[in-house]
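Student: I would like to go through the salt bridges of this model. Can we take them pair by pair?

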Amino acid sequence: CGALDGPAVLVLRTRDLFSLPFPLAQPAPAALYIQAALRQWRLRVLAAPFPVAPRLPLSPHAQWKAVDAAQKRHRRLMEALGVKREALADGADRWYGCTKATPRCFGTIHARTPQYLLAGRWTPPCCLRALRETARHVVAALERAGVRYWLEGGTLLGAVRLGDIIPWDYDVDLGIYRQDVGKCRWLAAAAAGTPVEDAEGFYWEKAAEGEFYRVHFSRANRLHVDLWPFYARGDTMTKDTWLGHPQDVEFPERFLRPRRPVPFAGFTAMAPN
């Protein structure tokens, strides 16, 4: 909140201040404003704060050190509060979450439940951003190679409901025709047991849990798209690995004849008709 940058006066009860998780975090205005907003406290900014004592002008080097220190304090505060994305006044975003060079924001999934759900939160926005980017990349690679694919499972549900990934989901699922695996060189390498990093840093490999494939955001960041190879048995589409999800079922091949384009996560993907 730009209104709380610089000199300001906040009047509140001591017991309220020290009931906050980070009562003395720096920079104080941003720390107090964010925590108060989460508690739905109403803050009033005074029209004129108390006068500030005059200071001697800083040297250019001292100014640089002050700005650098302020930026570091701000980043530490965002990390301490668990803020992943900051919307700036000019409309740009500043990110504090995971990247290709870092691990994802949550650990191993237990009983199909990621850690952030146990903490009462939805998928961190940086993780959703990485999932969207990975899905767009994989779909583009499959389309260039002529691999027939479609949105699967909860990913298909999210596309129909929201045109996007479900806000608490942690991966993207695509079905593919098993006989098309060899058309994509990255998939073919993964199927041969050779994990491979493509030119844009996405990491393709065969999943350890069964007969399907995974494309990770990067070697370090394991946010991923799962590729499920289906094949026709009579008029029914089936596969060799089932993980017990309620939506993980066989279906008539006529659902894919033809496939239909649908909006999904900021691009267009193919889905059952």
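Student: Is arginine 222 buried or partly exposed, and at what relative accessible area?

Tutor: This is a predicted model, in which local features need pLDDT of at least 70, side-chain atom pairs count only at pLDDT 80 or more, and totals for chains, interfaces and linings use all residues. Residues are numbered from 1 along each chain as its sequence is written, and side-chain values use heavy atoms, with hydrogens and water left out. Buried means under 20% relative accessible area, exposed over 50%, and partly exposed in between (1.4 Å probe, protein chains only). Arginine 222 is partly exposed, at 29%.

Student: Which residue forms a salt bridge with arginine 222?

Tutor: A salt bridge puts a side-chain nitrogen of Lys or Arg within 4 Å of a carboxyl oxygen of Asp or Glu. Here the closest N and O atoms are 3.0 Å apart.

Student: How many residues apart in sequence are the parts tied together by arginine 233 and glutamate 250?

Tutor: The two side chains meet in a salt bridge of 2.8 Å, N to O. Arginine 233 lies in strand E8, and glutamate 250 in the loop between strand E9 (236-238) and strand E10 (251-252); strands (E, at least two residues) are DSSP runs, numbered from the N terminus. The parts are therefore 17 residues apart in sequence.

Student: What is the relative accessible area of glutamate 86, which forms a salt bridge with arginine 94?

Tutor: The closest N and O atoms of this pair are 3.2 Å apart. Arginine 94 is partly exposed at 35%. Glutamate 86 is buried, at 18%.

Note on methods:
Helix = DSSP H or I, 4+ residues; strand = E, 2+ residues; numbered from the N terminus.
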